[in-house]
Amino acid sequence: MAQLTDDCFAFSGPLLRLDDMERLIGERITPVAESEHVPLHGSRGRVVAHDIRAPVDLPPFDNSAVDGYAVRHADLQLDGDTTLAVSGRLTAGARLRLTLKPGQAIRIFTGAAMPKGADTVFMQEDVTVKGEQVILPKGLKVGANLRLAGEDVASGAVVFPAGTVLEAQQIGLAAALGLTEIAVRRRLKVAVFSTGDEVVEPGSIRDGAAIYDSNRFLLTELLERLGATVTDLGILVDDPEKLSLKLREAAVGHDLIVTSGGVSTGEADYVRSAVERIGKLVFWRVAIKPGRPVALGVIPAASGHSAALVGLPGNPVAVFVTFVRVVKPLLRRLSGARPDRVVPLPVRVAFAYKKKKDRREYVRVALKRAADGEIEAVKHPQDGAGILTSLTETDGLLELLEDVTTIEPGARVGFLSYAALLG
Ligand code: AMP
Ligand code: MG
């Protein structure tokens, strides 16, 4: 499992900025090396292991982009209509090898291979048919309505650089190139558990002081969406011995352990001390809100292997935000994927807001159409880090950068949709 070295998080600043965290992840974490071949169907979400080149041109041959008439441009009158004899017919898939002779046109349909000698296609809507002849208007450019071999992808070109995450579009392209399987990195194995004496399994008997576990379910879905294979290790009580034991066990056979709760500075925050005891922990007080306490460490397993550990805060909203901003980049790096390129889109803000300098803050917002027709971001009325409905009743997160301290209504701020963040 060893993707991390013990000193890979040798960072000891007070509050780590997100940019620095991402840079460290890129520099110090080695992706898993193993790869496997998977069939196209089932490869969605997988990470391309090495550059994939096109084995053929796409399109594979010159063909017509429209239903119409294939001609030789040199036969056309420059100053008026041209009448040509229709000498043949080519439908898509026709295996005929027709040659266009001077003074002739060939009836052709979309996707049919261009006949030899033809270089231009008239759309059928633009011509007049008279018996066995076709009358063509002047003015069409040479090469019109033609799709050239290799104009989409040239044979030999890199279509999927290593680290590409396969989506439906990529799989469609791979099929068009005739590929049937793709070499991808193996799936990451991630262990998940919740911590806290107050946390109980949904459906179980709950006394007055207990809450149902939310984070483990949230995290499992988030991790599986990103292609990881998740092992559910349940809920751990706030006991340093038991936590240490479980962490040590989980380090075997997993690339990453994700926990929630027990990482802040409370007296019952044992995850941090357990990691310090059995592994190496750099307590990342990441400069992010919600979610400042995020622990990141390395737990050694047998024979020199080790697993990475991310200890997320306990509050569910903080879990969500730190997942998309801390766990996701780490997971992508470990999996061999290239860094995410989710671009925040500027939207108009409908509210005033104040924040502390030097930390990045994420505000849960719904998008609404304002009276003037423009889209506006409206803040959820409840912004506590434990308010789960603030995630279910909104569309995404506004990203307020480190140097920002105030936002006035009407300002434009980067918006990240949940769909973009979870992809
Ligand atoms: P902690 O960081 O352990 O002090 O937890 C902070 C808050 O998050 C507390 O109110 C916990 O009850 C809550 N919390 C911790 N774990 C979970 C969980 N798995 N599901 C829902 N809430 C949790
Ligand atoms: Mg706790």
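1. Ser43 is located in the loop that links β1 (35-39) and β2 (52-53); strands here are DSSP runs (E, at least two residues), as helices are (H or I, at least four), numbered from the N terminus. This is a predicted model, in which local features need pLDDT of at least 70 and side-chain atom pairs count only at pLDDT 80 or more, while totals for chains, interfaces and linings use all residues. Residues are numbered from 1 along each chain as its sequence is written, chains are lettered from A and ligands numbered from 1 in the order in which they are written, and side-chain values use heavy atoms, with hydrogens and water left out.

2. Ser43 counts as buried because its relative accessibility is 0% (buried means under 20% relative accessible area, exposed over 50%, partly exposed in between, with a 1.4 Å probe and protein chains only). The side chain of Ser43 reaches the backbone oxygen of Leu40 at 2.6 Å. Beyond its neighbours within four places in sequence, Ser43 is in contact (heavy atoms within 4.5 Å) with Val38, Leu166 and Ile171.

3. Pro60 sits in the loop between β2 and β3 (63-64). With a relative accessible area of 54%, Pro60 is exposed.

4. Leaving aside neighbours within four places in sequence, Leu397 is in contact with several residues, including Phe320, Val321, Val324 and Tyr362.

5. Which residues come nearest to ligand 1? Of the 15 residues around ligand 1 (those with a heavy atom within 4 Å of it), they are Glu198, Asp213, Ser214, Gly262 and Gly314. A nitrogen atom of ligand 1 is 2.6 Å from an N or O atom in the side chain of Asp213, and a nitrogen atom of the ligand is 3.0 Å from a polar backbone atom of Ser214. An oxygen atom of ligand 1 lies 3.2 Å from a backbone N or O atom of Asn315.

Key
A polar contact is a pair of N or O atoms within 3.5 Å; within protein, one must be able to donate a hydrogen and the other to accept it, and residues adjacent in sequence count only if both atoms are side-chain atoms.
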